[in-house]
Structures are given as structure tokens and as C-alpha cells.
Amino acid sequence: MQKNTKKVVFICQAAMIAALYVVVTYVISAFNLASGAIQVRVSEALTILPFFTPAAIPGLALGCLIGNWLTGSVILDVIFGTLATLFGALGTYALRKHKWLAPLPPIISNTIIVPWVLRFAYDIPTAIPFMMLTVGIGEVLSCGILGMLLLFALQKFDKNIFKSH
């Protein structure tokens with residue numbers, strides 16, 4: 001396959017993943033589930049996608065950035081929330097040979113980073129360890145459970161969906 005064709009496929013996959021992340025974040029935020037000290041950001045289930053394609057890494061980061069921006073997040077949340085998702089996506093890609101470990105990086109990165117964002121960007125007075133617990137539970141639900149369900153559902157079709165040509 002030509003080098004340019006591979007680049008186009010990569011960019012298209014990343015763009016589709018970014019768009020999907022934005023749409024899911026936007027819809028879930030209408031139910032007030034995508035942000036706050038207690039959150040289940042369903043779009044974070046998509047952080048399992050680097051298991052299938054490296055194009056998911058920039059797609060998820062861009063999707064998180066746009067999703068946070070469109071849902072009215074403050075600039076520190078846009079920056080550090082995006083970094084948390086990026087770190088999680090990079091970790092998932094690094095663990096792609098270990099299916100059961102793939103959701104751990106986004107769970108860990110968001111559990112560590114997001115409570116600090118909530119505390120300092122939104123001045124939520126709740127103790128950081130408690131917010132780590134609540135954010136961590138939400139991440140286990142979205143990445144660990146929904147993400148793994150997504151992984152198993154997509155694994156049947158991954159050669160068709162994520163082919164590089």
C-alpha cells in the first residue's frame with residue numbers, strides 16, 4: 001500500500017474516533033454525567049480503541065479536547081483532562097498485547113489527574129482522596145466495564161473496521 005494511502009486512513013480513523021468521542025461526551029453531558037466530582041464519562045470507554053489502532057491516540061486526545069471545550073469546561077480542565085485521556089490512550093496502546101490490562105492506563109491517569117483539576121480548576125472543596133475514589137469508580141465503570149465490552153464487541157470485526165488500507 002502506498003505511504004500516502006496509509007496516512008489518509010490513519011487521519012480518517014483518528015477523525016472518526018475524535019468525532020465519536022465528542023458526540024458521546026456531548027450527549028452524556030446533557031445528563032450531567034460527564035463532569036464533576038462524581039462522573040461516569042461514557043466516552044472514556046473509547047480509550048480502549050488504541051488496543052486496535054494507533055490512530056485512536058490522537059483521535060481520543062482531540063476528541064477529549066473538543067468535547068471538554070464544547071461542554072463548557074474551564075481551560076485547565078480542557079488542558080489537563082485532555083492530557084489524562086492522552087496518557088491513558090498511550091498506555092492502552094503500550095499494553096495492547098495484554099487485553100485484560102488495556103483499560104488500566106486511562107483508569108489510572110484519570111483517577112490521578114482529574115481530582116486535582118476538580119480541586120484547583122473548579123474549586124471543589126471535597127478532599128482529593130475522596131474525589132480519586134469517585135472519579136476512579138466512574139473510570140472503572142466507563143473504561144473497565146464499558147470499554148472491555150466494547151473491546152470484545154469490536155474484536156470480532158477489528159480486521160474490517162481498523163484495517164490500515
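The model is predicted, so local features need pLDDT of at least 70 and side-chain atom pairs count only at pLDDT 80 or more, while totals for chains, interfaces and linings use all residues. Residues are numbered from 1 along each chain as its sequence is written, and side-chain values use heavy atoms, with hydrogens and water left out.

**The loop between α1 and α2**

Select S43, which lies in the loop between α1 (3–29) and α2; helices here are DSSP runs of H or I with at least four residues, numbered from the N terminus. S43 is buried, with a relative accessible area of 1% (buried means under 20% relative accessible area, with a 1.4 Å probe and protein chains only). Leaving aside residues up to four places away in sequence, S43 touches Y21, V24 and T25, where contact means heavy atoms within 4.5 Å.

Next select T47, also found in the loop between α1 and α2, and buried with a relative accessible area of 2%. Its side chain reaches the backbone oxygen of E44 at 2.6 Å. Show also L60, T85, T92, P106 and C143, which T47 touches when residues up to four places away in sequence are not counted.

**Helices α2 and α3**

Now select residues 56–70, helix α2, together with residues 75–94, helix α3, which pack at an angle of about 160° with their axes 8 Å apart; the axes are lines fitted to C-alpha atoms over the stretch in contact, and angles run from 0 to 180 degrees between N-to-C directions. The two helices are therefore roughly antiparallel to each other, a term used for angles over 145 degrees.

**Helices α4 and α5**

Finally, select helix α4 (residues 104–121) and helix α5 (residues 128–155), which pack at an angle of about 140°, with their axes 8 Å apart. Among the residues making the contact are P106, W116 and F120 of α4, with M131, E139 and C143 of α5.

Technical notes:
Angles under 35 degrees count as roughly parallel, over 145 as roughly antiparallel, 65 to 115 as roughly perpendicular and the rest as oblique. Buried means under 20% relative accessible area, exposed over 50%, partly exposed in between (1.4 Å probe, protein chains only). A polar contact is a pair of N or O atoms within 3.5 Å; within protein, one must be able to donate a hydrogen and the other to accept it, and residues adjacent in sequence count only if both atoms are side-chain atoms.
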